[in-house]
Amino acid sequence: MATRNVSLWKSLDWVTIVVYLFLIIAGWFSVCGASYDYGNRDFFDFSTRAGKQFVWIICSFGLGFILLMLEERMYDIFAYIIYVGMILLLIVTIFIAPDTKGSRSWLVMGPVSLQPAEFAKFATALALSKYMNSYSFSIKKRKSILTLSFLILLPMLLIIGQRETGSALVYLAFFLVLYREGMPGVVLFAGLCAVVYFILGIRFDEVYIADTPTPLGDFMVLSLVLLFSAGMVWVYRKKWEPARNMIVGILLVLLIAYLISEYVVHFNLVWVQWGLCVVTIGYLFYLALTERRRSYFLIGLFAIASIGFLYSSNYVFDNILEPHQQIRIKVVLGLEEDLAGAGYNVNQSKIAIGSGGLTGKGFLNGTQTKLKYVPEQDTDFIFCTVGEEQGFIGSAAVLLGFLILILRLITLSERQTSTFGRVYGYSVLSIFLFHLFINIGMVLGLTPVIGIPLPFFSYGGSSLWGFTILLFIFLRIDAG
């Protein structure tokens with residue numbers, strides 16, 4: 001036993017642990033700065049947020065130690081049991097959790113509140129790793145893809161049922177793992193297209209081309225659908241002639257239609273694009289039948305799905321999204337400023353970060369954060385405290401710490417000898433990347449405010465413990 005423990009400590013990746021300690025300590029000082037009230041410097045008082053966070057940090061150290069002491073095969077053996085247990089907990093949470101700021105995602109146990117959604121991440125990562133490590137698994141099998149989608153979407157839907165949309169979106173990061181394990185790149189391309197279609201369709205929905213009654217948003221999206229379809233013919237069939245015919249025909253017809261609409265008779269160019277879409281899809285299906293190639297048929301389905309997504313996104317935006325979600329998206333897209341409403345947080349956050357300058361105002365000297373101008377400044381908007389107190393240099397140091405952590409996780413994941421370890425490592429990496437990108441993006445006004453924490457910085461025991469569990473399970477798997 002003693003020999004095994006000595007071997008474990010020698011094989012641990014201490015670079016990752018040092019980075020973890022740096023981030024968690026820097027995060028505690030940020031919570032101290034964000035929650036500080038003038039005249040009260042007792043940061044270890046449990047009645048203050050800084051004191052509570054200190055206790056969570058000490059507990060996370062103990063939690064990490066326990067996870068390292070367990071045999072690495074235990075995580076493989078009990079992966080499905082842990083996953084099922086977390087799913088049941090998510091279901092129970094929907095019914096017994098109190099309403100907290102519009103969501104029912106927190107279990108209150110006396111003075112302690114826990115958010116099961118934060119712990120379901122590592123459970124989902126373990127379940128994915130175990131399934132993809134099974135002998136019968138193949139990323140090319142329809143059954144495997146459906147099972148993976150079920151494992152990812154089930155906790156996601158349950159968390160949406162708790163009205164915690166931001167936490168649910170984090171689970172989309174798991175699809176990056178599937179891409180690493182051989183999922184066709186067209187799936188990620190389709191996801192990227194959906195984002196582009198949504199942004200263009202919503203952003204330019206009420207903007208018109210010159211003197212024509214053509215909405216710019218629909219025109220750009222339909223043009224992209226036509227050009228993407230032609231490009232996919234060249235990429236996947238390696239045939240330039242049909243792709244060239246499609247591109248030249250599309251551009252020529254649109255040019256002639258624009259000139260007629262601009263100088264002869266005003267009409268909506270989207271009507272012409274609908275006709276082009278019908279002709280293009282018909283041409284692709286014709287090629288699929290004559291050449292007996294399924295790829296042409298799939299490209300045609302991609303075009304149909306893209307058009308359907310364009311016209312359904314407006315309905316979803318107007319009728320399904322909550323009003324506050326609509327406003328947040330409009331603020332990010334520049335359709336509304338709303339500096340006194342949905343845009344207030346982001347505007348105050350940018351003021352706080354900008355006021356920090358190069359070296360910052362110093363610990364506890366930030367005016368924007370001390371005077372509580374930034375709502376949620378010790379949770380979702382904790383990075384604005386770093387920017388104001390530590391300035392550009394401090395912010396860069398924090399981002400550098402996260403960069404080192406991300407690069408180290410990539411290195412550790414690639415050196416795993418088992419599929420289980422590699423998939424779990426990339427799951428951890430993907431979750432950290434998603435949280436980092438979205439949280440920093442929303443603080444800077446680059447992404448919508450969806451309310452997800454910054455790893456190791458945002459106040460809260462659930463998120464801190466959740467990230468610690470994710471990371472230390474992987475460190476134990478890597479140590480072998």
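Me: Is the crossing of α18 and α19 left-handed or right-handed?

Reply: This is a predicted model, in which local features need pLDDT of at least 70, side-chain atom pairs count only at pLDDT 80 or more, and totals for chains, interfaces and linings use all residues. Residues are numbered from 1 along each chain as its sequence is written, and side-chain values use heavy atoms, with hydrogens and water left out. A crossing is left-handed if the near helix is turned anticlockwise from the far one by less than a right angle, and right-handed if clockwise. For α18 and α19, the crossing is left-handed.

Me: Is α18 roughly parallel or roughly antiparallel to α19?

Reply: Helices (H or I, at least four residues) and strands (E, at least two) are DSSP runs numbered from the N terminus, while axes are lines fitted to C-alpha atoms, for helices over the stretch in contact, with angles running from 0 to 180 degrees between N-to-C directions. Helix α18 (residues 383-414) packs against helix α19 (residues 419-443) at an angle of about 160 degrees, and their axes are 10 Å apart. That makes the relation of α18 to α19 roughly antiparallel, given that angles under 35 degrees count as roughly parallel, 65 to 115 as roughly perpendicular, the rest as oblique, and over 145 as roughly antiparallel.

Me: Are α5 and α7 roughly parallel or roughly antiparallel to each other?

Reply: Helix α5 (residues 79-96) and helix α7 (residues 142-161) have axes that come within 9 Å and cross at roughly 20 degrees, and α5 passes α7 in a left-handed crossing. With that angle, α5 and α7 are therefore roughly parallel.

Me: Is the crossing of α10 and α11 left-handed or right-handed?

Reply: The axes of α10 and helix α11 (residues 216-237) come within 9 Å and cross at roughly 165 degrees. That makes α10 roughly antiparallel to α11. As for its hand, the crossing of α10 and α11 is right-handed.

Me: How many salt bridges does the structure hold?

Reply: A salt bridge here is a side-chain nitrogen of Lys or Arg within 4 Å of a carboxyl oxygen of Asp or Glu. By that rule, the number of salt bridges that the structure holds is nine.

Me: How many residues apart are Arg-476 and Glu-72?

Reply: Arg-476 forms a salt bridge with Glu-72, and the closest N and O atoms of the pair are 3.2 Å apart. This pair links distant parts of the chain, since Arg-476 lies in helix α20 and Glu-72 in helix α4 (residues 72-77), and the two are apart by 404 residues.

Me: Why are Glu-118 and Lys-121 separated by about one helical turn?

Reply: Glu-118 forms a salt bridge with Lys-121, the closest N and O atoms being 2.8 Å apart. Glu-118 is buried at a relative accessible area of 3%, and Lys-121 is buried at 2%. The separation is about one helical turn because, within helix α6 (residues 116-132), Glu-118 and Lys-121 are apart by three residues.

Me: Which residues are linked with Glu-181 in a network of salt bridges?

Reply: Arg-422 forms a salt bridge with Glu-181, with the closest N and O atoms 2.9 Å apart. The pair links distant parts of the chain, for Arg-422 is in helix α19 and Glu-181 is in the loop between α9 (174-180) and α10 (185-203), 241 residues apart. Arg-422 counts as buried at 17% relative accessibility, as does Glu-181 with a relative accessible area of 16%. In the network of salt bridges, Glu-181 is linked with Arg-180, Glu-414 and Arg-422.

Me: Is Phe-456 buried or exposed?

Reply: Although Phe-456 is not a glycine, its phi is positive, at about 70 degrees, and its place is in the loop between α19 and α20 (461-479). Since its relative accessibility is 3%, Phe-456 counts as buried.

Me: Is Arg-292 buried or exposed?

Reply: Arg-292, a residue other than glycine, also has a positive phi, near 55 degrees. Its place is in the loop between α13 (269-291) and α14 (294-320). With a relative accessibility of 76%, Arg-292 counts as exposed.

Technical notes
Buried < 20%, exposed > 50% of the residue type's maximum accessible area, 1.4 Å probe, protein only.
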